[in-house]
Amino acid sequence: MFIAIPLETRPSWRSPPWVTLLLIAINCWVYIGWQMPEERAVGRMSEQYVQTTLPALELPVYVKDVQARAGQSRRRRDRDRADLLAQALKARAYSALYQAMWHDNDFRSRLLANEVIRPGSPQYAAWRAERDRFTPREPDRFTERWSQDHDADAPFRPITWLTNTFLHGSLGHLVGNMVFLFLFGFTLEMALGRGLYLVCYLLGGIGASAFAAWMYAGMGGLGLGASGAVSALMGMYVVLYRLRRIPFFYMFFFYFNYARWPALVMLPVWMAFELLQHLLGGAQVAYMAHLGGLATGAVLMALVMQVRRVHAPTAAAPSPADAQQAERHGEIKQLADKARALTRSLRFGDAAQVWQRAARLAPTDLAVLRAWFDSARHDPASDSFHAAARQIFKLSTRHAAHRQLQVESYRVYLDRARPAIRIGPSTLQQLVRGFVLEGEFKDAEQLARALAGSSALPEGWVDTMDLLINALLKSGRTQQAQAWLPVLEQCAPNEALTRRLAAHASA
């Protein structure tokens with residue numbers, strides 16, 4: 001399995017790829033609105049079929065017919081299918097056999113035309129009566145009506161070269177095709193315009209189907225799916241970009257990677273892969289429709305580019321803000337690499353200075369702040385160590401990761417800071433809130449008492465105390481909460497919190 005996805009452009013939602021989205025919607029509508037109900041109806045009829053006398057009359061004849069056709073075929077998949085059906089008959093899996101017979105258009109048409117169980121046969125009268133009662137209840141054959149029929153005696157119906165491109169065999173088949181339709185379609189719609197793009201898509205699907213009709217003529221089976229039309233888009237894409245080097249994501253079996261190749265190189269690669277899969281006898285996949293689509297799409301785009309100028313969309317240039325952010329990230333990375341090299345050389349003071357420069361560019365980057373603090377703590381009397389601690393303590397307490405770093409760093413800072421901690425009232429208040437939200441009530445109360453002893457209480461102090469006291473009460477620490485009443489009566493005697501706590505204490 002080989003898959004290559006271009007990464008050159010992104011859809012512009014200011015001017016959405018409406019035709020591509022419309023094509024996706026039509027494919028989904030056809031599958032969900034007609035094909036899925038048909039399959040469910042066939043499933044229900046298979047259960048009713050088992051309750052009739054038809055399985056004993058039809059299924060042994062059907063399996064022998066499939067085995068006879070497989071004996072005349074040179075394809076291994078036909079012989080494997082005949083063996084599976086024979087095993088199903090032996091296991092009396094009549095429901096599965098009915099569904100296989102339903103999709104076998106050749107046998108079914110002969111069966112209903114009295115060419116399998118013929119008049120004059122001992123079973124004919126009983127079979128015909130039961131079949132006449134059962135057949136009218138069977139659903140209409142929507143999928144096979146609009147699919148491409150590769151049987152030898154199939155009528156020539158060119159309309160199915162187009163209609164089959166809107167049909168799918170399963171939900172996975174549909175989703176896979178729609179993903180690739182979008183990935184290639186939006187770029188080509190930007191390049192060609194909606195009208196020309198739609199015409200090329202439809203012609204690509206017809207070309208893929210026509211090639212498949214030629215290659216699979218008389219081989220039996222049905223052709224359906226948007227993959228031929230999507231392959232045409234792939235062929236158009238590589239001719240549009242020609243020798244421009246395009247970034248591709250590719251996967252080869254279980255190996256995947258990114259690469260930048262000239263776009264046109266992908267056309268022979270894709271075509272060779274489809275041809276190889278066909279020669280290897282891949283079952284259930286119309287590789288020749290893919291090959292025909294690639295060739296049709298390439299020819300279509302070459303013709304379009306001969307008669308009009310087509311500009312291949314390119315990746316949008318980054319905005320000034322994006323460019324500035326990318327430059328800042330690059331500078332931070334350089335500083336981080338330098339600081340790590342200094343740390344490996346045990347030059348912790350120099351590393352702390354470099355990390356401090358990085359923190360000016362990314363003041364809320366936890367990895368940078370943690371590295372700065374860890375480097376600076378080797379010199380606990382340095383201004384850098386105190387500055388790193390304050391930067392961490394000033395982080396917003398709305399994020400759990402910020403609070404956890406604050407808790408860890410504070411305990412280290414309290415133990416190592418020389419000659420003493422250097423934290424102002426506003427920073428203390430921030431720490432109190434962080435410790436409360438983390439459930440670290442012992443440290444929160446210790447910090448709150450230090451804060452209450454400040455000469456000037458910071459703005460929002462009462463709200464911080466409200467947070468602490470409510471948290472203590474909710475956690476069942478009633479006595480600890482009431483112990484704050486004297487402090488509140490002294491510092492905030494007229495606040496609602498003080499009155500509320502006093503009422504709680506007297507209750």
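At 64% relative accessibility, R92 counts as exposed, a label used for residues over 50% relative accessible area, while buried means under 20% and partly exposed covers the values in between (1.4 Å probe, protein chains only). R92 sits in the loop between α3 (76-90) and α4 (94-103). The helices here are DSSP runs of H or I with at least four residues, numbered from the N terminus. Its phi is near 60°, a positive value in a residue other than glycine. A word on the ground rules: this is a predicted model, in which local features need pLDDT of at least 70 and side-chain atom pairs count only at pLDDT 80 or more, while totals for chains, interfaces and linings use all residues. Residues are numbered from 1 along each chain as its sequence is written, and side-chain values use heavy atoms, with hydrogens and water left out.

W102 counts as buried, at 2% relative accessibility. Not counting residues up to four places away in sequence, W102 touches E38, V42, R108, E138, P139, D140, R141 and E144, where contact means heavy atoms within 4.5 Å. As for Q446, 344 residues apart from W102 along the chain, the two C-alpha atoms are separated by 80 Å.

One of the partners of W102 is R108, which belongs to helix α5. So is R108 buried or exposed? R108 is buried, with a relative accessible area of 8%. Leaving aside neighbours within four places in sequence, R108 is in contact with M101, W102, R131, E138 and R141. Also buried in α5 are D106, F107 and L111. The buried residues of this helix pack against α2 (54-72), α4 and α6. Just after α5 comes N114, with a positive phi of about 65°. N114 lies in the loop between α5 (105-112) and α6 (124-134).

Next up is a pair of helices. The axes of α9 (residues 171-192) and α11 (residues 227-241) come within 9 Å and cross at roughly 40°. Axes are lines fitted to C-alpha atoms, for helices over the stretch in contact, and angles run from 0 to 180 degrees between N-to-C directions. The two helices are therefore oblique to each other; angles under 35 degrees count as roughly parallel, over 145 as roughly antiparallel, 65 to 115 as roughly perpendicular and the rest as oblique. On the α9 side, the contact includes F180, L181, F184 and L188, and on the α11 side it includes V230, L233, M234 and Y237. The residues of this contact divide into 13 nonpolar, four polar and no charged. Here Ala, Val, Leu, Ile, Met, Phe, Trp, Tyr, Cys and Pro count as nonpolar, Asp, Glu, Lys and Arg as charged, and the others, Gly among them, as polar.

What about the nonpolar cores? The largest has 56 residues, and those with the most contacts inside it are W355, W372, M465 and W484. A nonpolar core is a set of buried Ala, Val, Leu, Ile, Met, Phe, Trp, Tyr and Cys residues joined through side-chain atoms within 4.5 Å. M465 is in contact with A448, W484, L488 and L497, neighbours within four places in sequence left aside.

Finally, a cis peptide bond joins R418 and P419, with omega about 0°. P419 is found in the loop between α18 (400-416) and α19 (425-437).
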